[in-house]
Amino acid sequence: MTRQTVRIAMNGVTGRMGYRQHLVRSILALREQGGLDLGDGTVIWPEPVLVGRAEHKLRALAERHGLEHWNTDLDAVLADDSIDIYFDAQVTAAREDAVKKAIAAGKNLYCEKPTATGLDGALELARLADEAGVKHGVVQDKLFLPGLLKLRRLVEGGFFGRILSVRGEFGYWVFEGDWQSAQRPSWNYRAEDGGGIAVDMFPHWEYVLHELFGRVRTVQAQVTTHVPRRWDESGKPYEATADDAAYGIFQLDGGIVAQINSSWAVRVHRDELVEFQVDGTEGSAVAGLRGCRVQHRAATPKPVWNPDVPTTEPFRDQWQEVPDNGAFDSGFKAQWELFLRHVVRDEPWRWDLAAGARGVQLAELGLRSSAEGRRLDVPELGR
Ligand SMILES: NC(=O)C1=CN([C@@H]2O[C@H](COP(=O)(O)OP(=O)(O)OC[C@H]3O[C@@H](n4cnc5c(N)ncnc54)[C@H](OP(=O)(O)O)[C@@H]3O)[C@@H](O)[C@H]2O)C=CC1
Ligand SMILES: O=C1CO[C@H](CO)[C@@H](O)[C@@H]1O
(Lines give C-alpha, C1' and ligand atoms only; values in the text may rest on other atoms or scores of the structure.)
(Ligands and ions follow the chains in the order given, each with its own letter.)
Protein backbone atom coordinates (compact mmCIF):
# COMPACT_ATOMS: atom_id res chain seq x y z
CA MET A 1 0.00 0.00 0.00
CA THR A 2 1.42 3.42 -0.98
CA ARG A 3 0.49 6.34 1.23
CA GLN A 4 0.25 9.64 -0.60
CA THR A 5 0.14 12.64 1.71
CA VAL A 6 -1.95 15.57 0.55
CA ARG A 7 -1.29 18.73 2.54
CA ILE A 8 -4.34 20.95 2.93
CA ALA A 9 -4.18 24.51 4.25
CA MET A 10 -7.53 24.91 6.02
CA ASN A 11 -8.59 28.52 6.60
CA GLY A 12 -11.68 29.20 8.70
CA VAL A 13 -11.36 26.10 10.89
CA THR A 14 -12.14 28.19 13.95
CA GLY A 15 -15.65 28.77 12.55
CA ARG A 16 -18.76 26.58 12.70
CA MET A 17 -18.48 24.97 9.28
CA GLY A 18 -14.71 24.93 9.00
CA TYR A 19 -14.36 23.15 12.32
CA ARG A 20 -17.27 20.78 12.61
CA GLN A 21 -18.08 19.77 9.05
CA HIS A 22 -14.77 20.15 7.27
CA LEU A 23 -12.05 19.53 9.83
CA VAL A 24 -13.67 17.09 12.26
CA ARG A 25 -16.34 15.33 10.20
CA SER A 26 -14.38 15.24 6.94
CA ILE A 27 -10.58 15.48 7.14
CA LEU A 28 -10.09 14.06 10.64
CA ALA A 29 -12.73 11.42 9.97
CA LEU A 30 -10.77 10.38 6.87
CA ARG A 31 -7.63 10.07 8.99
CA GLU A 32 -9.50 8.03 11.58
CA GLN A 33 -10.54 5.56 8.88
CA GLY A 34 -6.89 5.23 7.83
CA GLY A 35 -7.02 7.66 4.90
CA LEU A 36 -8.86 7.53 1.60
CA ASP A 37 -8.30 4.19 -0.09
CA LEU A 38 -8.28 4.69 -3.85
CA GLY A 39 -8.67 0.96 -4.40
CA ASP A 40 -5.51 0.63 -6.50
CA GLY A 41 -2.97 0.21 -3.72
CA THR A 42 -2.86 3.94 -2.93
CA VAL A 43 -4.21 5.62 0.17
CA ILE A 44 -4.55 9.39 0.30
CA TRP A 45 -3.50 10.72 3.67
CA PRO A 46 -4.86 14.25 4.25
CA GLU A 47 -2.56 16.41 6.35
CA PRO A 48 -4.31 19.57 7.56
CA VAL A 49 -2.45 22.79 8.21
CA LEU A 50 -4.74 24.98 10.29
CA VAL A 51 -4.85 28.60 9.17
CA GLY A 52 -6.59 31.54 10.83
CA ARG A 53 -6.19 34.93 12.39
CA ALA A 54 -6.40 33.93 16.06
CA GLU A 55 -3.29 32.14 17.27
CA HIS A 56 -4.79 30.97 20.56
CA LYS A 57 -7.75 29.35 18.80
CA LEU A 58 -5.54 27.53 16.31
CA ARG A 59 -3.20 26.30 18.99
CA ALA A 60 -6.10 25.03 21.08
CA LEU A 61 -7.59 23.21 18.08
CA ALA A 62 -4.26 21.66 17.15
CA GLU A 63 -3.75 20.45 20.72
CA ARG A 64 -7.28 19.11 21.02
CA HIS A 65 -6.84 16.99 17.89
CA GLY A 66 -3.14 16.18 18.13
CA LEU A 67 -2.28 18.15 14.99
CA GLU A 68 1.19 19.51 14.40
CA HIS A 69 0.73 22.25 11.85
CA TRP A 70 -0.99 25.61 12.22
CA ASN A 71 -0.14 29.13 11.12
CA THR A 72 -1.62 32.63 11.31
CA ASP A 73 0.31 33.80 8.26
CA LEU A 74 -1.66 32.87 5.15
CA ASP A 75 0.97 34.25 2.78
CA ALA A 76 3.65 32.08 4.33
CA VAL A 77 1.42 29.01 4.09
CA LEU A 78 0.66 29.70 0.45
CA ALA A 79 4.37 30.19 -0.29
CA ASP A 80 5.04 26.69 1.04
CA ASP A 81 5.49 24.36 -1.94
CA SER A 82 4.46 21.33 0.08
CA ILE A 83 0.85 22.61 0.36
CA ASP A 84 -1.30 20.92 -2.27
CA ILE A 85 -4.75 22.38 -1.56
CA TYR A 86 -6.04 25.63 -0.12
CA PHE A 87 -9.45 25.27 1.57
CA ASP A 88 -11.54 28.27 2.63
CA ALA A 89 -14.49 28.33 5.06
CA GLN A 90 -13.98 31.84 6.30
CA VAL A 91 -16.78 34.37 6.48
CA THR A 92 -18.03 34.95 2.95
CA ALA A 93 -16.66 38.49 2.71
CA ALA A 94 -13.09 37.28 3.33
CA ARG A 95 -13.14 34.49 0.74
CA GLU A 96 -12.51 36.21 -2.57
CA ASP A 97 -9.17 37.78 -1.62
CA ALA A 98 -7.85 34.65 0.02
CA VAL A 99 -8.89 32.40 -2.86
CA LYS A 100 -7.26 34.79 -5.34
CA LYS A 101 -4.02 34.59 -3.40
CA ALA A 102 -4.21 30.81 -3.38
CA ILE A 103 -4.75 30.70 -7.14
CA ALA A 104 -1.83 33.09 -7.67
CA ALA A 105 0.28 30.73 -5.56
CA GLY A 106 -0.72 27.85 -7.85
CA LYS A 107 -2.68 25.92 -5.22
CA ASN A 108 -5.58 23.64 -5.97
CA LEU A 109 -8.52 25.01 -4.08
CA TYR A 110 -11.74 24.00 -2.48
CA CYS A 111 -14.06 26.42 -0.72
CA GLU A 112 -17.40 27.00 0.90
CA LYS A 113 -20.25 28.76 -0.87
CA PRO A 114 -20.94 31.51 -1.76
CA THR A 115 -17.60 31.77 -3.57
CA ALA A 116 -17.72 35.58 -3.64
CA THR A 117 -20.01 38.42 -2.63
CA GLY A 118 -20.97 39.25 -6.23
CA LEU A 119 -21.21 37.56 -9.63
CA ASP A 120 -18.32 39.47 -11.19
CA GLY A 121 -16.02 38.36 -8.41
CA ALA A 122 -17.25 34.75 -8.61
CA LEU A 123 -16.69 34.62 -12.37
CA GLU A 124 -13.27 36.15 -12.02
CA LEU A 125 -12.26 33.44 -9.55
CA ALA A 126 -13.42 30.75 -11.99
CA ARG A 127 -11.50 32.37 -14.85
CA LEU A 128 -8.32 32.89 -12.82
CA ALA A 129 -8.36 29.31 -11.57
CA ASP A 130 -8.79 27.94 -15.09
CA GLU A 131 -6.01 30.14 -16.41
CA ALA A 132 -3.71 29.04 -13.60
CA GLY A 133 -4.50 25.40 -14.41
CA VAL A 134 -5.30 24.54 -10.81
CA LYS A 135 -8.07 22.16 -9.76
CA HIS A 136 -10.97 23.87 -8.05
CA GLY A 137 -14.12 22.96 -6.19
CA VAL A 138 -17.01 24.43 -4.26
CA VAL A 139 -18.94 22.81 -1.43
CA GLN A 140 -22.36 21.61 -2.64
CA ASP A 141 -23.10 19.43 0.34
CA LYS A 142 -26.89 19.22 -0.01
CA LEU A 143 -26.44 16.96 -3.04
CA PHE A 144 -24.85 14.36 -0.77
CA LEU A 145 -27.54 14.36 1.93
CA PRO A 146 -29.33 11.03 2.35
CA GLY A 147 -32.75 12.59 1.72
CA LEU A 148 -31.65 14.23 -1.49
CA LEU A 149 -29.75 11.15 -2.64
CA LYS A 150 -32.99 9.20 -2.31
CA LEU A 151 -34.79 11.93 -4.21
CA ARG A 152 -32.20 11.71 -6.98
CA ARG A 153 -32.73 7.95 -7.03
CA LEU A 154 -36.46 8.52 -7.55
CA VAL A 155 -35.89 11.07 -10.33
CA GLU A 156 -33.40 8.84 -12.12
CA GLY A 157 -35.65 5.80 -11.70
CA GLY A 158 -38.52 7.61 -13.40
CA PHE A 159 -40.75 7.45 -10.34
CA PHE A 160 -42.40 10.85 -10.88
CA GLY A 161 -43.44 10.60 -14.51
CA ARG A 162 -43.46 14.22 -15.67
CA ILE A 163 -42.31 16.44 -12.83
CA LEU A 164 -44.66 19.35 -12.32
CA SER A 165 -43.48 21.29 -9.29
CA VAL A 166 -41.09 21.47 -6.37
CA ARG A 167 -41.97 23.08 -3.06
CA GLY A 168 -39.12 23.70 -0.66
CA GLU A 169 -39.46 24.84 2.90
CA PHE A 170 -36.24 25.71 4.70
CA GLY A 171 -35.85 27.44 8.00
CA TYR A 172 -36.15 27.65 11.73
CA TRP A 173 -36.31 30.31 14.40
CA VAL A 174 -32.97 31.99 15.05
CA PHE A 175 -33.08 33.67 18.42
CA GLU A 176 -32.59 37.40 18.46
CA GLY A 177 -29.80 37.17 21.03
CA ASP A 178 -31.29 39.18 23.89
CA TRP A 179 -33.00 36.75 26.23
CA GLN A 180 -31.58 33.66 24.52
CA SER A 181 -28.32 33.71 22.57
CA ALA A 182 -28.55 33.48 18.79
CA GLN A 183 -27.55 30.14 17.28
CA ARG A 184 -26.05 31.74 14.16
CA PRO A 185 -23.19 34.27 13.90
CA SER A 186 -24.22 37.93 13.87
CA TRP A 187 -22.48 38.64 10.53
CA ASN A 188 -25.25 36.58 8.91
CA TYR A 189 -27.64 39.47 9.64
CA ARG A 190 -25.45 42.31 8.36
CA ALA A 191 -25.43 42.89 4.60
CA GLU A 192 -22.19 44.88 4.87
CA ASP A 193 -20.48 41.76 6.28
CA GLY A 194 -21.70 39.40 3.57
CA GLY A 195 -24.83 38.28 5.45
CA GLY A 196 -28.38 37.62 4.27
CA ILE A 197 -30.39 34.46 3.75
CA ALA A 198 -30.70 34.86 -0.04
CA VAL A 199 -26.92 35.04 -0.40
CA ASP A 200 -26.61 32.09 1.98
CA MET A 201 -29.28 29.76 0.62
CA PHE A 202 -29.92 30.58 -3.05
CA PRO A 203 -26.51 29.11 -4.00
CA HIS A 204 -27.73 25.83 -2.50
CA TRP A 205 -31.06 26.02 -4.28
CA GLU A 206 -29.33 26.64 -7.61
CA TYR A 207 -27.40 23.39 -7.58
CA VAL A 208 -30.16 21.34 -5.95
CA LEU A 209 -32.72 22.44 -8.58
CA HIS A 210 -30.28 22.31 -11.47
CA GLU A 211 -28.85 18.87 -10.68
CA LEU A 212 -32.08 17.15 -9.70
CA PHE A 213 -34.72 18.77 -11.87
CA GLY A 214 -33.43 21.21 -14.47
CA ARG A 215 -31.57 24.43 -15.02
CA VAL A 216 -33.07 27.51 -13.36
CA ARG A 217 -34.33 29.84 -16.09
CA THR A 218 -36.10 32.60 -14.14
CA VAL A 219 -36.29 33.85 -10.58
CA GLN A 220 -38.87 35.91 -8.81
CA ALA A 221 -38.14 36.61 -5.19
CA GLN A 222 -39.39 38.61 -2.26
CA VAL A 223 -36.84 39.10 0.47
CA THR A 224 -37.43 40.82 3.75
CA THR A 225 -35.93 41.49 7.16
CA HIS A 226 -38.56 40.26 9.57
CA VAL A 227 -36.46 40.84 12.69
CA PRO A 228 -34.74 44.23 12.35
CA ARG A 229 -32.91 44.32 15.69
CA ARG A 230 -30.69 41.59 17.08
CA TRP A 231 -28.00 41.15 19.73
CA ASP A 232 -24.48 40.05 18.79
CA GLU A 233 -22.01 37.60 20.37
CA SER A 234 -21.04 40.13 23.02
CA GLY A 235 -24.65 40.98 23.87
CA LYS A 236 -24.61 44.31 22.01
CA PRO A 237 -27.72 45.27 20.04
CA TYR A 238 -27.29 45.88 16.31
CA GLU A 239 -29.45 46.66 13.33
CA ALA A 240 -30.10 43.70 11.05
CA THR A 241 -29.34 45.11 7.61
CA ALA A 242 -29.63 41.83 5.72
CA ASP A 243 -32.67 39.79 4.72
CA ASP A 244 -33.64 37.02 7.12
CA ALA A 245 -36.29 35.51 4.83
CA ALA A 246 -36.38 34.98 1.07
CA TYR A 247 -39.43 33.66 -0.72
CA GLY A 248 -38.50 32.53 -4.22
CA ILE A 249 -40.25 31.16 -7.29
CA PHE A 250 -38.05 29.59 -9.94
CA GLN A 251 -38.97 28.38 -13.42
CA LEU A 252 -36.89 25.41 -14.50
CA ASP A 253 -36.26 23.65 -17.76
CA GLY A 254 -39.16 21.44 -18.75
CA GLY A 255 -41.75 23.85 -17.37
CA ILE A 256 -41.17 22.78 -13.77
CA VAL A 257 -42.10 25.43 -11.21
CA ALA A 258 -40.10 25.46 -7.99
CA GLN A 259 -41.07 27.53 -5.01
CA ILE A 260 -38.72 27.68 -2.05
CA ASN A 261 -39.17 29.57 1.19
CA SER A 262 -36.02 30.23 3.20
CA SER A 263 -36.39 31.81 6.60
CA TRP A 264 -34.62 32.29 9.90
CA ALA A 265 -37.84 33.70 11.31
CA VAL A 266 -40.12 30.70 11.13
CA ARG A 267 -40.99 28.09 13.74
CA VAL A 268 -40.64 24.52 12.60
CA HIS A 269 -43.81 22.51 11.99
CA ARG A 270 -42.15 19.98 9.73
CA ASP A 271 -40.26 16.74 10.21
CA GLU A 272 -36.91 18.26 9.17
CA LEU A 273 -35.34 21.72 8.89
CA VAL A 274 -35.54 21.53 5.13
CA GLU A 275 -38.10 19.62 3.11
CA PHE A 276 -38.83 19.45 -0.60
CA GLN A 277 -42.12 18.19 -1.95
CA VAL A 278 -41.96 17.07 -5.55
CA ASP A 279 -45.17 16.39 -7.46
CA GLY A 280 -45.23 14.47 -10.70
CA THR A 281 -47.87 12.88 -12.88
CA GLU A 282 -47.04 9.39 -11.59
CA GLY A 283 -46.18 10.11 -7.99
CA SER A 284 -44.98 12.55 -5.38
CA ALA A 285 -42.22 12.64 -2.78
CA VAL A 286 -41.28 14.66 0.26
CA ALA A 287 -37.56 14.62 0.97
CA GLY A 288 -35.75 16.08 3.94
CA LEU A 289 -32.15 15.99 5.08
CA ARG A 290 -32.32 12.29 5.78
CA GLY A 291 -35.77 10.91 5.09
CA CYS A 292 -37.84 10.63 1.95
CA ARG A 293 -41.46 9.55 1.63
CA VAL A 294 -43.43 8.80 -1.49
CA GLN A 295 -46.99 8.45 -2.68
CA HIS A 296 -47.66 6.71 -5.96
CA ARG A 297 -50.62 7.73 -8.12
CA ALA A 298 -52.21 4.35 -7.43
CA ALA A 299 -52.19 5.12 -3.71
CA THR A 300 -53.34 8.71 -4.01
CA PRO A 301 -56.49 9.51 -2.02
CA LYS A 302 -59.33 11.54 -3.54
CA PRO A 303 -60.10 14.27 -1.01
CA VAL A 304 -63.27 16.27 -1.50
CA TRP A 305 -63.34 19.80 -0.17
CA ASN A 306 -65.87 20.17 2.60
CA PRO A 307 -64.98 22.53 5.43
CA ASP A 308 -68.21 21.62 7.25
CA VAL A 309 -66.96 18.22 8.34
CA PRO A 310 -63.77 17.29 10.22
CA THR A 311 -60.90 15.81 8.23
CA THR A 312 -60.92 12.07 8.63
CA GLU A 313 -58.23 11.06 6.16
CA PRO A 314 -54.83 10.44 7.80
CA PHE A 315 -53.03 12.18 4.92
CA ARG A 316 -49.54 11.93 6.37
CA ASP A 317 -49.90 8.21 7.06
CA GLN A 318 -50.67 7.54 3.42
CA TRP A 319 -47.04 7.99 2.38
CA GLN A 320 -44.40 5.31 2.25
CA GLU A 321 -40.83 5.66 3.51
CA VAL A 322 -38.09 5.19 0.91
CA PRO A 323 -35.55 2.71 2.35
CA ASP A 324 -31.89 3.69 2.75
CA ASN A 325 -30.68 0.60 0.83
CA GLY A 326 -27.14 1.48 1.81
CA ALA A 327 -25.08 3.48 4.25
CA PHE A 328 -24.78 7.24 3.98
CA ASP A 329 -21.66 9.08 5.06
CA SER A 330 -21.45 12.78 5.93
CA GLY A 331 -22.28 14.78 2.80
CA PHE A 332 -19.33 17.07 3.41
CA LYS A 333 -16.95 14.14 3.73
CA ALA A 334 -18.37 12.42 0.66
CA GLN A 335 -17.69 15.53 -1.42
CA TRP A 336 -14.20 15.95 0.05
CA GLU A 337 -13.40 12.38 -1.00
CA LEU A 338 -14.44 13.11 -4.57
CA PHE A 339 -12.40 16.30 -4.60
CA LEU A 340 -9.30 14.52 -3.29
CA ARG A 341 -9.70 11.87 -5.99
CA HIS A 342 -10.06 14.64 -8.55
CA VAL A 343 -6.84 16.28 -7.35
CA VAL A 344 -4.80 13.12 -7.04
CA ARG A 345 -6.23 10.96 -9.83
CA ASP A 346 -7.81 13.58 -12.07
CA GLU A 347 -11.19 11.84 -11.67
CA PRO A 348 -14.22 13.68 -13.10
CA TRP A 349 -15.54 16.61 -11.09
CA ARG A 350 -18.20 19.17 -11.93
CA TRP A 351 -18.69 21.21 -8.75
CA ASP A 352 -16.12 23.81 -9.65
CA LEU A 353 -15.90 27.59 -9.34
CA ALA A 354 -18.06 27.99 -12.44
CA ALA A 355 -20.78 25.98 -10.68
CA GLY A 356 -20.18 28.14 -7.60
CA ALA A 357 -20.65 31.26 -9.73
CA ARG A 358 -24.08 30.04 -10.84
CA GLY A 359 -25.09 30.00 -7.19
CA VAL A 360 -23.83 33.52 -6.62
CA GLN A 361 -25.66 34.60 -9.78
CA LEU A 362 -28.97 33.21 -8.54
CA ALA A 363 -28.56 34.98 -5.20
CA GLU A 364 -27.71 38.25 -6.90
CA LEU A 365 -30.64 37.99 -9.30
CA GLY A 366 -32.97 37.00 -6.47
CA LEU A 367 -32.07 40.13 -4.54
CA ARG A 368 -32.46 42.26 -7.67
CA SER A 369 -35.81 40.67 -8.48
CA SER A 370 -37.02 41.57 -5.02
CA ALA A 371 -35.69 45.13 -5.16
CA GLU A 372 -37.21 45.72 -8.59
CA GLY A 373 -40.42 43.81 -7.92
CA ARG A 374 -40.21 41.69 -11.07
CA ARG A 375 -39.31 38.29 -12.44
CA LEU A 376 -35.84 38.05 -13.97
CA ASP A 377 -34.28 35.70 -16.50
CA VAL A 378 -31.25 33.74 -15.35
CA PRO A 379 -28.81 33.89 -18.28
CA GLU A 380 -26.41 31.01 -18.84
CA LEU A 381 -22.94 32.01 -17.77
CA GLY A 382 -19.91 32.00 -19.98
CA ARG A 383 -16.55 32.17 -18.28
N1 LIG B 1 -22.40 24.48 3.15
C2 LIG B 1 -23.14 24.81 4.19
O3 LIG B 1 -24.08 24.12 4.55
C4 LIG B 1 -22.81 26.01 4.97
C5 LIG B 1 -21.93 26.94 4.50
N6 LIG B 1 -21.65 28.06 5.22
C7 LIG B 1 -20.66 29.00 4.68
O8 LIG B 1 -19.44 28.82 5.41
C9 LIG B 1 -18.80 30.05 5.65
C10 LIG B 1 -18.51 30.21 7.14
O11 LIG B 1 -19.73 30.24 7.84
P12 LIG B 1 -19.79 29.88 9.40
O13 LIG B 1 -18.90 28.74 9.68
O14 LIG B 1 -21.22 29.80 9.74
O15 LIG B 1 -19.18 31.21 10.02
P16 LIG B 1 -18.47 31.45 11.43
O17 LIG B 1 -18.77 32.85 11.79
O18 LIG B 1 -18.81 30.38 12.38
O19 LIG B 1 -16.91 31.29 11.11
C20 LIG B 1 -16.24 32.27 10.37
C21 LIG B 1 -14.79 31.91 10.17
O22 LIG B 1 -14.19 32.94 9.37
C23 LIG B 1 -13.07 33.49 10.08
N24 LIG B 1 -12.91 34.91 9.75
C25 LIG B 1 -11.95 35.41 8.95
N26 LIG B 1 -12.10 36.71 8.81
C27 LIG B 1 -13.15 37.07 9.53
C28 LIG B 1 -13.76 38.32 9.78
N29 LIG B 1 -13.33 39.44 9.21
N30 LIG B 1 -14.84 38.34 10.57
C31 LIG B 1 -15.31 37.19 11.12
N32 LIG B 1 -14.75 35.98 10.92
C33 LIG B 1 -13.67 35.92 10.13
C34 LIG B 1 -13.38 33.23 11.53
O35 LIG B 1 -12.18 33.30 12.26
P36 LIG B 1 -12.10 33.72 13.82
O37 LIG B 1 -12.33 32.46 14.58
O38 LIG B 1 -10.74 34.24 13.95
O39 LIG B 1 -13.17 34.73 14.09
C40 LIG B 1 -13.99 31.84 11.46
O41 LIG B 1 -12.98 30.87 11.32
C42 LIG B 1 -19.72 31.12 5.05
O43 LIG B 1 -19.22 31.52 3.81
C44 LIG B 1 -21.06 30.43 4.88
O45 LIG B 1 -21.78 30.90 3.75
C46 LIG B 1 -22.21 28.29 6.44
C47 LIG B 1 -23.10 27.39 6.96
C48 LIG B 1 -23.48 26.19 6.27
O1 LIG C 1 -25.50 27.17 3.92
C2 LIG C 1 -26.16 26.80 4.85
C3 LIG C 1 -26.97 25.59 4.82
O4 LIG C 1 -27.91 25.43 5.79
C5 LIG C 1 -27.55 25.81 7.05
C6 LIG C 1 -28.68 25.67 8.03
O7 LIG C 1 -29.32 26.90 8.28
C8 LIG C 1 -27.05 27.20 7.08
O9 LIG C 1 -26.43 27.37 8.31
C10 LIG C 1 -26.14 27.51 6.05
O11 LIG C 1 -25.58 28.74 6.09
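Let me start with A357, which is buried, with a relative accessible area of 0%. Buried here means under 20% relative accessible area, exposed means over 50%, and partly exposed is in between, with a 1.4 Å probe and protein chains only. A357 sits in helix α9, residues 353-372. Helices are DSSP runs of H or I with at least four residues, strands are runs of E with at least two, and both are numbered from the N terminus.

What does A357 touch, leaving out residues up to four places away in sequence? T115, L119, A122, L123 and L381. Contact means heavy atoms within 4.5 Å. F159 is another matter: 198 residues separate A357 from F159 along the chain, and their C-alpha atoms are 31 Å apart.

Some ground rules. This is a predicted model, where local features need pLDDT of at least 70 and side-chain atom pairs count only at pLDDT 80 or more, while totals for chains, interfaces and linings use all residues. Residues are numbered from 1 along each chain as its sequence is written, chains are lettered from A and ligands numbered from 1 in the order in which they are written, and side-chain values use heavy atoms, with hydrogens and water left out.

Now the overall layout. The protein divides into domain 1 (2-140 + 331-349) and domain 2 (142-329 + 361-376). Those bounds come from an automatic or database domain assignment. The two C-alpha centres are 28 Å apart. Across the boundary, 16 residues of domain 1 contact 18 residues of domain 2.

On to the cores. A nonpolar core is a set of buried Ala, Val, Leu, Ile, Met, Phe, Trp, Tyr and Cys residues joined through side-chain atoms within 4.5 Å. The largest has 80 residues, and L151, F202, L209, F213 and F250 touch the most other members. Which helix gives the most to this core? Helix α7, residues 197-212, with 9 residues. Both domain 1 (2-140 + 331-349) and domain 2 (142-329 + 361-376) supply at least three residues each to this core. Another core lies apart from it, with 20 residues, including L74, A102, A126 and V134.

Take F213 as an example. Leaving aside neighbours within four places in sequence, F213 contacts L151, V155, I163, V166, V208, L252, D253, I256 and V278.

Next, helix α6. Helix α6 covers residues 146-156 and holds K150. Is K150 buried or exposed? Buried, at a relative accessible area of 3%. The K150 side chain reaches the backbone oxygen of R290 at 3.0 Å. Beyond four places in sequence, K150 touches R290, G291, C292, V322, P323, D324 and F328.

P146 is in helix α6 too. P146 counts as buried, at 4% relative accessibility. P146 and R290 are 144 residues apart along the chain, yet their C-alpha atoms are separated by 4.7 Å. Again not counting residues up to four places away, P146 touches L289, R290 and F328.

Finally, the ligands. Ligand 1 has 23 residues around it, and T14, K57, T92, R95 and W187 come nearest. For such a list, one heavy atom of the residue must lie within 4 Å of the molecule. An oxygen atom of ligand 1 is 3.0 Å from a polar backbone atom of G15. For R53, an N or O atom of the side chain is 2.9 Å from a ligand 1 oxygen atom. For W187, a polar side-chain atom is 2.8 Å from an oxygen atom of ligand 1.

A polar contact is a pair of N or O atoms within 3.5 Å; within protein, one must be able to donate a hydrogen and the other to accept it, and residues adjacent in sequence count only if both atoms are side-chain atoms.

Around ligand 2 are R16, K113, K142, F170, Y172, R184, D200, M201 and H204. An N or O atom in the K113 side chain lies 2.8 Å from an oxygen atom of ligand 2. D200 places a polar side-chain atom 2.6 Å from an oxygen atom of ligand 2. For H204, the distance from a polar side-chain atom to an oxygen atom of ligand 2 is 2.6 Å.
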